[in-house]
Each structure stands twice: as structure tokens, then as C-alpha cells.
There are 2 protein chains.
Amino acid sequence: MVSPSEALLAILEDVLGDIQKPVSLHEPHFAGQEWLYVKDCLDTGWVSSVGSYVDLFEAQLAKSCGVPHAVLTVNGTAALHIALMLAGVKAGEEVLLPALTFIATANAVFYCNAVPHFVDCEQKTFGMDAQKLAAYLAEVGVKKEGGLYNRKTGQRIAAIVPVHIFGHPVDMDALETVAQDFGLPLVSDAAEALGSLYKESPVTSHGLLSVLSFNGNKIVTTGGGGAILTHDPDLARQAKHLTTTAKVPHRWAFDHDKIGYNYRMPNLNAAFGCAQLEQLGGFLVAKRALAERYEAAFAGSSHFEFFKEPEFAVSNYWLNALLLKDGMDRESVLKGVHEAGYLCRPAWTLMHELPMYKDCPRMDLSVSENLESRILNLPSSAKLGMGINA
Amino acid sequence: MVSPSEALLAILEDVLGDIQKPVSLHEPHFAGQEWLYVKDCLDTGWVSSVGSYVDLFEAQLAKSCGVPHAVLTVNGTAALHIALMLAGVKAGEEVLLPALTFIATANAVFYCNAVPHFVDCEQKTFGMDAQKLAAYLAEVGVKKEGGLYNRKTGQRIAAIVPVHIFGHPVDMDALETVAQDFGLPLVSDAAEALGSLYKESPVTSHGLLSVLSFNGNKIVTTGGGGAILTHDPDLARQAKHLTTTAKVPHRWAFDHDKIGYNYRMPNLNAAFGCAQLEQLGGFLVAKRALAERYEAAFAGSSHFEFFKEPEFAVSNYWLNALLLKDGMDRESVLKGVHEAGYLCRPAWTLMHELPMYKDCPRMDLSVSENLESRILNLPSSAKLGMGINA
């Protein structure tokens, strides 16, 4: 009898071939103009937060993301912090976000002195379940002057923050309807979803604001970095102002008109980003090829179900994911593959199960709890889809 | 009759020679291994927040700064935010800092939900006046269980944050005495003071914690970056934990035991930092040579007094500074030199004169107010002291 861990190893070996171990979950790939652009920064002396690559990367990114405005930040967490402020989130208010997400989503809410309010997800997307959210808000929400209030806590509910888990778009139209019905702004955490399409347009072009991450584990990296994306020129202007210490432009005077942040991406990192973004098309092709190989290999598995993009999306397949069959011992599977040098990983611990967020308001999270116990991410670097086995 | 602006221009031309305009206030200089180390990041694929250059830069920096522990951050603001948290600053409490400083010092206090409490400075160092502070705390402070309280506001006073303005060390021994007398921790904002000595030891080796900035305008740059320095291994461990989302180390699980921050410096930027730090000795020599040329040139001036390092310090002379004679029209001097291509600048607008900090508690700030109206910073790049006029 073949154990689940042995079965998984056989498929990994089949899909990835003879490959150097350990195999990371997601490694960056530098095969473009990174070198040339960084050298240009050095030669011109422009390495810090003002420089031509910051402007260039913003312009190219905006175009790629289907929005007129992009504002670069030091990372995705900083981008979400500012996006939430711009969406009007105030101290003490509540922000709806999935329990199944990376910690940064909840932390950004905390940085606004606001309170995370956890929402369940659906198996189809791993993201927010719009229908379940609508039913919940109808029960728990009270519309008053000034907005929607939580009947139980008395606090205003300020925004909805869907997260496109592992790069797979949530059903944005369904969430837009909920957002409109309850008068809430939609701020989309697209940290993992650069290049993903929702109904043929970039998922980053939906919602009032969306944010990206360019951390080292993302499809495009700047070492560390992020961006705020929006259609609204005034929000973009405010984002730039707030991320550059709210300094009032002047030839020499140092005046600041509000409390701002030192959140701007350095030109050095933006130069890197320009080179990486030029390769995005190739990365997407390679990652899709890898996902298709995984899909075919897991098609007949009695232990694992390969997660396929929702029908309304073309996903970037940032991280390929399996669902283990209910009741399977995830830890022993993880142990088995790690020992063989495949650095697979589970989903994040759910937010309401962490000590600092355990008392936050939340709806029934039974789908998230089930999924969290069954998700397993597979090695997903673009180069694995290019047949580069170094 | 020669106007002050004409007199200043004549001296700038004399000291800086035939130089390409505009002349920046402070430009970085890349003449070391920047290239080689960044290339190594690209070749190895390690560009993000884990990597060998992060460890290496931390070790070299700690050695250079006279402390056993350095923790790299995305910038100096983030470093100060975490240092204040580690010093025990809590929401609603007050933090003593100079009114004459860059906005980041006050903002970092705000990020702790604490309140800036502004202190006057002395002409000798441009930094905190320890004697005046002691007299003020004797008047306004009340010692109770739990610490020192502000008699007027009822809030606890949590820390003293001296700033080494333009790289010139404040009188740390005098401040240490005040800190001990009133039971307050000393967190030193050394953003501008890398390489400066206080009584023969690095100024960064004094106080409970100190912080650095590696912004593009600093003596050593990483594009954007900062560091937390301390003698205390437990504080260093906490600093590393808090700046890396408070993730609990594990081979695959994603657990976080408190609310942390995404504040870690990427390896790409740390590689740059290693190369820059190797050149620090040369930068210091060049900057001192430039300061000496300025000092000699301004010796006979009837309009301007060149600011010289305090007698207990060997300053890095990050930014050379003049004091205009009382009553001189600073704006017309700035206009004159800017039009001629020398990008001199005034000191920062004092913190209590900015709209968001105007209602914060403060002592008499008459020395700061006088100095702010008279300070003028001169072009100070290291390369100007190396005779590089490109």
C-alpha cells in the first residue's frame, strides 16, 4: 500500500524530473535587464526614493495592471496600510478580510488602529465567499448615518478586503455587488496576483484600490517592494504624498502637512522591478505550463485534488495547491516531502487562531477551517516550468 | 557693499572650485564593490529579506558602531519605531525629543500611538540641552509607581530620544545622567551620525538603543535602509522578531506570536550596504577635509559663523552648517545661492510649528527657534572633499 507521502513524492519526481534539492516553494528568476538597470542606477548615482526607474516602473506597472495610476512602496504591507487609510478606515472601525490569508492583511488593519473582522472563504477560489458574506452582513450589519455598523460591537464597518489567494482571483463582480449593497469600499489585496485576469481584465483593475507585493517569493520581485493601484487620480496623489512623509514640495523648505510615512520604494529596487516586469509574460507562460503538468499528474490521484483556477479567471498560478482528502495527516505528508527535499508547505494558520487576533469579530469560518487543514502548496517557481533544473 | 548672498557665493566658489552645477546638498558615492556584491545577489538568487549580505552587513555594522548587535530595517523611521517599542513606549505615553529634527523622529513616536513632547536644544551641538531638560523635568515631572509622569497632562513620560543633528553628537554623558536621574531609557536617533565619535567611542554605542538611516542622502546608503543597534542581546532578538512579522521559526508552519512588522532590509540593499560601509573610512576623511576647507574660508566672514563639532566629539560632518547672523534674511540668501546652482537648505521647520504636532506638550523652545531661523546647510558630499567635481 502506497502512503500519501510516497504517492506525492512519486508525482513530484515525475513532474519536476531530475532536479537539484532542496526545491524551494518559489524562487525568483533573473534573466533580463536586471544587471543593466542596476548598473545605470550606480552610474547615475540615483539609488534612493527619487529617480527615473521609480517613475518608469510605476508607468509600466500601471499599464500591466489595467489602471492609470501605480504608486510604489517598500512592501505590500505598507501598500495595504496606506490603501486602507485612503479607503477611509479609521481607528476603532472594523475591516472585513478573510481568515485564510497571510498575516500582513490583518496587520495592515491593525496599523490603522482598526479591527480585523474575519470572513469565510469558498472552495472554488480559496477567497471570500460573497454570498455567505452578504447573508452575514444582512444579519449583523445596521445601516445608519455614516455607514454600516456592526450590531454586536457597535463599531462602523469600514471596508471589504478580498485577497486573491495563491494568485487566484476571487469573484470580484459578486463582491462588488455586496460592497455596493452595503455601501462599503473594496480594497483588493492582490499581493500574490500580479498577472492574473478576472473575466479578461487584470484583477488589479477592480475595486477602489488594490495592492501588490514584490517580495522575493513573488512572481516579480524587487527584493522587497509593493504598489498601490487605483483608477482615481486623487487617491493616487494622496498615496504618493502619504508614502513620502507628506512633505510639501518646495525648493528648500521642509514642511509636512500631515503625519506621513517613509514608505517609498528606492530607485535601486525599482530598477530591478522594471527588468523583472519585462519578463512577466514569460513567467506567466512557464507557470501555466507547470500548473498544467501538475494538473495532469494529479488527475488520477486517490489522495489529492489539484486546485484549478476558477472558470471566470486566468490565474498566474503563483503557488500551485493541492487539497488533501479529508482526514489525511497533513503533517506526515509535509514531513515526508521535506525529507526528500521538496519544500512544500501548508496554508497559513488562520488569523482567528493566532493569539493576537483570536478575540476579533468573525462569522462562521467552517469552510476556511476545513480548507486550511487540507491545503498543501507545491514548488511553483517559474523556472520549473522553463525546464531549468539548477 | 557685498550682500550676504554674494559673500556666500564667493566662498562657495572658492571652496568648491570650478564644479558642475547644480551642486547637491549630499550625493552618494559608489566607488567600491557595490557592483560585485549586487551581481553576487543576482547570481545566487538571494535578493530578498533572507540572505548572506543581511548577516554580513549586520556583523560589519555592529563592529563599526561599537555594539555587539545590529538589526537591519527598511529605513531609519522603521528602526526608530521598533526601538521605541522595545524601550517600552506605550499608547498615550509621551516621548521627549528635540523640536529641531527631521519629521521621522516625531512620526515614529506617533506610530506607537504615543505623543511627542518637545525639548529645546543648545547651540554647541544643535542637539538636546541636557541641563535645560533636567530643570524642566524637575518642574514638570512627578515620580510615581510605574515611572515619571507629566504633571500637566497626567501621562507617563516613557523615553528620551536625542538626535545627533547633521551628524554632530549631543552630550551623551550629560543626557545619561538626566535619564538615570529620572528613570528614563535613552534611545538615540543617530540617523545622520554613522562614523561620529563621542569621547573616542562611536556615538551609536551609547544609550539603550540607537538607530541609523541609509537613505540616499546619508554618508552610507543602501537606497533605502536603516538599522537598530544595541548592547542587549534580548532587545536585538526582539528587534529581529518584530521586524520579520513576528513569525515563529518552523520548517513549514506559518505561526506568528504577536503583531509584527514587515520592516526587514532586503539582501539586495544589504549587499550595497556592505560595499558602502567598506568605504566609510575614506568618506569620513574626505568629509573632514571639506569641513576644514569651509571652516578656513568662513573664518573671516562678517555674515556667517561656520558650525564646528563640539569639543568632546569627532563628527562625521554629515551636513556642514552655517549660522547666519541674527536678523539676516535667510530666504534671500537661499534664493541667491539656489539661482547660482548651489542647493543649500535651511534646517527643518520645527516640529511644534507643523499643524499635526502644534498641540503637543513642549518646554520653552527659544534656542531652537533662534537656531532654526539662522541655520543654513552647505553642499557636503564626500566627493567634494575628494576633489571630484563631476
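1. How far apart do the C-alpha centres of domain 1 of chain A and domain 2 of chain A lie? The two centres are 25 Å apart, and it should be kept in mind throughout this note that the model is a predicted one. Domain 1 of chain A is made of two stretches, 4-28 and 280-385, whereas domain 2 of chain A covers 34-278.

2. The contact between these domains takes 33 residues from domain 1 of chain A and 44 residues from domain 2 of chain A. On the domain 1 side, the elements that give two or more residues are helix H10 (280-298), strand S13 (313-314) and helix H12 (366-372) of chain A, and of these H12(A) gives the most, with 5 residues. The residues on this side of domain 1 divide into 23 nonpolar, 6 polar and 4 charged.

3. In chain A, the strands S1, S11, S10 and S7 form an open sheet in the order S1-S11-S10-S7, with mixed pairing. Strand S1 (69-73) and strand S7 (187-189) of chain A are at the edges and have a single partner strand each, so one side of each is left without a neighbour in the sheet. From one strand to the next, the twist averages 20°. Strand S10 (residues 209-213) and strand S11 (residues 226-230) of chain A run antiparallel and are joined by 5 bridges, and within this pair Ser210(A) stands opposite Leu229(A). Helix H4 (residues 76-86) of chain A packs on the sheet, where it touches S1, S7, S10 and S11 of chain A, and its direction makes about 170° with that of S10(A).

4. Strand S16 (residues 375-378) of chain A deserves a careful look. In a regular strand the side chains alternate between the two faces of the sheet. Here Ile375(A) and Asn377(A) point one way, while Leu376(A) and Leu378(A) point the other way, and all are buried. S16(A) runs antiparallel to strand S14 (residues 320-324) of chain A, to which 4 bridges join it, and it also runs antiparallel to S15(A), with 2 bridges. Asn377(A) takes part in both pairings, as the bridge partner of Ala321(A) and also of Arg345(A).

5. In chain B, 4 strands form an open antiparallel sheet in the order S12-S14-S16-S15. Its edge strands are strand S12 (304-306) and strand S15 (345-346) of chain B, each of which pairs on one side only. S12(B) and strand S14 (residues 320-324) of chain B are antiparallel and pair over 3 bridges, with Leu322(B) as the bridge partner of Phe306(B). Helix H10 (residues 280-298) of chain B lies across S12, S14 and S16 of chain B, and runs at about 145° to S12(B).

6. Which elements of chain A give two or more residues to the side that touches chain B? In total, 49 residues of chain A are in contact with 50 residues of chain B, and the elements in question are helix H2 (34-44), helix H5 (103-111), helix H9 (267-278), helix H11 (330-339) and strand S15 (345-346) of chain A. The residues on this side of chain A divide into 23 nonpolar, 19 polar and 7 charged.

7. A rotation of 180°, with 0.0 Å of shift along its axis, superposes chain A on chain B with an RMSD of 0.0 Å, and the two copies are thus related as by a two-fold rotation axis. In chain A, the C-alpha nearest the axis is that of Val74(A), at 3.7 Å from it. Of the interface residues of chain A, 100% are also interface residues in chain B, so the copies meet through the same surface.

Conventions. Residues are numbered from 1 along each chain as its sequence is written. Chains are lettered from A and ligands numbered from 1 in the order in which they are written. This is a predicted model: local features need pLDDT of at least 70, side-chain atom pairs count only at pLDDT 80 or more; totals for chains, interfaces and linings use all residues. Two residues are in contact if their C-beta atoms, placed from the backbone, lie within 7 Å. Ala, Val, Leu, Ile, Met, Phe, Trp, Tyr, Cys and Pro count as nonpolar, Asp, Glu, Lys and Arg as charged, and the others, Gly among them, as polar. Copies are superposed by least squares on the C-alpha atoms of residues with pLDDT of at least 70 in both. A residue is buried if 20 or more other C-beta atoms lie within 10 Å of its own, exposed if 12 or fewer, and partly exposed in between; C-beta atoms are placed from the backbone. Two strands pair if DSSP finds at least two bridges between them. Axes are lines fitted to C-alpha atoms, for helices over the stretch in contact, and angles run from 0 to 180 degrees between N-to-C directions. Domain bounds come from an automatic or database domain assignment.
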